[in-house]
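Have the viewer open while you read.

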Amino acid sequence: MSATSNASIDLFQEQILAAVKNKTPLSIEGGGTKSWYGNANSYAKLDTRTYSGILEYQPEELVITACAGTPLKEIEAALADKNQVLAFEPPHFGERATFGGAIAAGLAGPGRISAGNLRDFVLGARILDGKGQDLSFGGKVMKNVAGYDVSRLLPGSMGTLSLLLEASVKVLPRPAATASLRCNITQARALQLLNEWAGQPLPLSASCWIGSSIGGNGELTIRLAGAAAAIKAAIPIMGAAVNASELDPQVASKFWAALREQQLAVFSNLNSDETLYRLALPAACGTLAFQNVNGDIALEWHGQQRWIKAPGDDATFTSIKALASAHGGHATRFKQGSNVDSGTQRFTLLSEQVHSTALEAVQTRLRTAFDPAGIFATSRLP
Amino acid sequence: MIPMNMVTPPPELAAITALQSKLVSALRPILPEHALLWEPEDTIPYECDGLAAYRRMPLAVALPETEEQVAQILKICFAMQVPIVPRGSGTGLSGGAMPISQGLVLSLAKLKKIINIDPFTRTAVVQPGVRNLAISEAVAHLGLYYAPDPSSQIACSIGGNVNENSGGVHCLKYGLTLHNVLKVRGILMNGEIVEFGSLAPDSPGLDLLAIVMGSEGMLAVVTEVTVKLVAKPKLARVIMASFDDIEKGADAVAAIIAAGIIPAGLEMMDKATTRAVEEFVHAGYDLEAETILLCESDGTPEEVAEEIERMTKVLEQAGASGIQISQNEAERLKFWSGRKNAFPAAGRLAADYYCMDGTIPRRNIGTLLRRIQGMEKKYGLACLNVFHAGDGNMHPLILFNGADQEEWHRAEEFGTEILEACVELDGTITGEHGVGIEKINSMCIQFGEGERESFWGVKSAFDPERLLNPDKAIPTLNRCAEYGRMRISGGNLPHPELERF
């Protein structure tokens, strides 16, 4: 570590201790590209970007260790240089996205359905807790069961547990080959096929269905990734089932990137009084009927992640939450239009889930253990 | 294998007997007669798990048959403040299920129903006592299987797998238990039923499933597990490559990964192991090789052909002195037979063996092996090295004679030094066997006071009274202070408080 990096950690520690003293929570932020995600707050910011840089990267170890403030694109460029990738494909949502921000948000892109969630890839973390203590958990190896897996508690914690300083994540080789197929089929047929394919030894790596929620054909795009021979063998099997055509590789790669970054038409043009809702659902969940949906809906992860645009009021969110919950999932107000009340609760609460009420107390005690003074308790994540 | 000793009655015997009869009378009304054991001749099989060197008699053993009974047992013990040691199949290698003298052993072995198999969503819902291999067997006709395959998979239970975050020979490609479990239903120490994770890709709030994985029975008692099933590969073939130098073999492992290949399995055995197992399984291993690599490819026939060709090229370039590729399933199993039988083969060479489980970055494999060679001389004990080379998880098997107290002491010190070397080489003291009671002192070396204090914070968040398996995995500050003093003075056994054989 360079002297400057230590200086920035010292500064973080000072900020934390001052916050404890003044009882003023800190809102941790990297590039601010996801500042709209999660519950709003107006607490003072702690900018992680002063602690930046790749600390260790040896391609044959399949691990990269970097500071939280490192630009995500810097990480991805270093990996690309060695023909490796972050297989969970974290969305950037802007040029300034950081490594730490991606981990704290815990979001994953199209590859999540085959490669796993972001937390599956986290191997270790160095943090400053709410007392300013410099702590390290996990490590830089694939298998490690020494102590509780605290580093995997951080993904998706939205900075409400501690300040992430550094993380080690597992990386994977870029697939030897990829191909994308597209066809027009109904949502029900797409859900059926995707689940059937996923249960066969086929190199299915991602899927996206975009269409109307009230029926009719939509556009299904699937991505195959793996050994060239496996893809060559799979294309006729999968293509023939749905009369699909293969996409030009450049068109395909632009499509998957635009899907990950939510730049497709189905995500954009959010009206000022609307909200983009995210539903996380079990694989068994079939077609859902929504009310007041504006335009097309999008299904990713073989239907396990669904996006709809609908009015941003509490009543609409309540009905969407109820629908998701009835199917064993949950819903989030992912992104809100400019006229929607910014003070809304964006997430499904533990108390709204089956067999989760007791976990509220566990979660509160966990937060207190890492942050006794509550300086990271920004309510960004309930 | 390891001789049993007589259990000497501790001084507080009267108090223990009183507590025992109080506990037994509290549990009797809620359990069938055969599900509650307290006579020494009935509870003695539970005095240790797969790590037979550490043993202790419990107050009683409960073998509930329903989730409801588990919840009631927990509520009763919570009210009585009696600690609980959950237990699966008892195959653990770190003493994680070793009883507590004033506690109850809670065996989940009778909860062994496969509740549901859903081929469409590729999931199975099973009770904790279901054996790992039983899941794959139950879904084989659907072309599916449960990927993590610890060596003990024929006997170990899924509840135990969750608590140890078990791996196996295929975890480099298919992941650990963590990556293959969607949801865990469990009961907190106070008797409340909770669910961690969900069938959806994520859940509200903090990711508590992630922290329950590998928590060694200290956070909740698992009563139901929903596992992910994956499509069974159509074909698997394995390359057996010999190297005349350990470092060359270690470098070949790195070269495979650097070439962008993730083998389905990548295992290594040293010369001593190869010789020991060859005598046992007659697999035709190259006995002159300093090290042997087993490198497996699975998938469609086209995929496997392509990958085997790429792997062969890399291994040749890495200086393999011999390469054999399995031509059929029988031959593939034959090549693997030695690796799978390394432990029993070690058992033939010596009265006892002590299995270590450190994990290090792949680049340090050669360094660690050289150091272990030095330690063999220092401690005057032989060591077989088999390991999951793909993920740097080493299983040195230290050979010793347990009947000789002094030799066992040396074996323990040998093991501790290997673990210290693993930490120093940027690794960890345990990759998949867990800390349990065995490596609790080494936790003082891997983690500082702040981290250990945080672990206790996590423990208390789930179990504020610290009644669930409280003496395992996380050392108290006192223990580490004691251990520090002991290391300086250079004497004493690692666990002076425990019964010895």
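This is a predicted model: local features need pLDDT of at least 70, side-chain atom pairs count only at pLDDT 80 or more; totals for chains, interfaces and linings use all residues.

**Notes on the two chains**

1. Let's start in chain A, where strand E10 (residues 177–186) and E13(A) pair in the antiparallel sense over 2 bridges.

2. Now the domains of chain A. The assignment gives domain 1 (3–173), domain 2 (177–260) and domain 3 (274–348). For domain 2 of chain A and domain 3 of chain A, the C-alpha centres lie 24 Å apart. Their contact takes 13 residues from domain 2 of chain A and 13 residues from domain 3 of chain A.

3. Which elements give two or more residues to the side of domain 2 of chain A that touches domain 3 of chain A? They are H6 and strand E11 (204–211) of chain A. H6(A) gives the most to that side, with 6 residues. By class, this side of domain 2 of chain A has 7 nonpolar, 6 polar and no charged residues.

4. On to chain B, which the assignment splits into domain 1 (13–107), domain 2 (114–231), domain 3 (235–341) and domain 4 (350–489). The C-alpha centres of domain 2 of chain B and domain 4 of chain B are 26 Å apart. Here 14 residues of domain 2 of chain B are in contact with 19 residues of domain 4 of chain B. On the domain 2 side of that contact in chain B, the residues divide into 9 nonpolar, 3 polar and 2 charged.

5. Chain B has an open sheet of its own to look at, with 5 strands in the order E5-E6-E10-E8-E9 and antiparallel pairing. Strand E5 (114–118) and strand E9 (193–197) of chain B each have a single partner strand, so one side of each is left without a neighbour in the sheet. From one strand to the next, the twist averages 15°. Strand E8 (residues 181–187) of chain B pairs with E9(B) in the antiparallel sense over 5 bridges. Within the E9(B) pairing, B:Arg185 stands opposite B:Glu195.

6. How do the two chains meet? In total, 75 residues of chain A are in contact with 80 residues of chain B. On the chain A side, the elements giving two or more residues are helix H5 (118–121), strand E7 (134–138), strand E9 (172–173), helix H6 (187–198), helix H7 (228–242) and helix H10 (357–370) of chain A. H10(A) gives the most, with 8 residues. By class, the side of chain A that touches chain B divides into 38 nonpolar, 25 polar and 12 charged residues.

7. The largest nonpolar core has 262 residues, and those with the most contacts inside it are A:Leu164, B:Leu104, B:Val253, B:Cys295 and B:Ile398. Helix H9 (residues 246–258) of chain B supplies the largest share of this core, 8 residues. For B:Cys295, leaving aside neighbours within four places in sequence, the contacts are B:Val238, B:Ile239, B:Ala241, B:Ile256, B:Pro263, B:Leu266, B:Met311 and B:Leu315.

8. Last, two backbone spots to check. Most residues other than glycine have a negative phi. A:Phe93, though, has a positive phi near 55°, and B:Asn165 has a positive phi near 50°. A:Phe93 is in the loop between strand E5 (84–85) and helix H3 (99–105) of chain A, while B:Asn165 is in the loop between helix H5 (158–164) and helix H6 (171–174) of chain B.

9. Are those two residues buried or exposed? A:Phe93 counts as buried because it has 24 C-beta neighbours inside 10 Å. B:Asn165 has 25 C-beta neighbours inside 10 Å, so B:Asn165 counts as buried. The cut-off behind both calls is 20 or more.

How values were computed. Residues are numbered from 1 along each chain as its sequence is written. Chains are lettered from A and ligands numbered from 1 in the order in which they are written. Two strands pair if DSSP finds at least two bridges between them. Helices (H or I, at least four residues) and strands (E, at least two) are DSSP runs, numbered from the N terminus. Axes are lines fitted to C-alpha atoms, for helices over the stretch in contact, and angles run from 0 to 180 degrees between N-to-C directions. Domain bounds come from an automatic or database domain assignment. Two residues are in contact if their C-beta atoms, placed from the backbone, lie within 7 Å. Ala, Val, Leu, Ile, Met, Phe, Trp, Tyr, Cys and Pro count as nonpolar, Asp, Glu, Lys and Arg as charged, and the others, Gly among them, as polar. A nonpolar core is a set of buried Ala, Val, Leu, Ile, Met, Phe, Trp, Tyr and Cys residues joined through C-beta atoms within 7 Å. A residue is buried if 20 or more other C-beta atoms lie within 10 Å of its own, exposed if 12 or fewer, and partly exposed in between; C-beta atoms are placed from the backbone.
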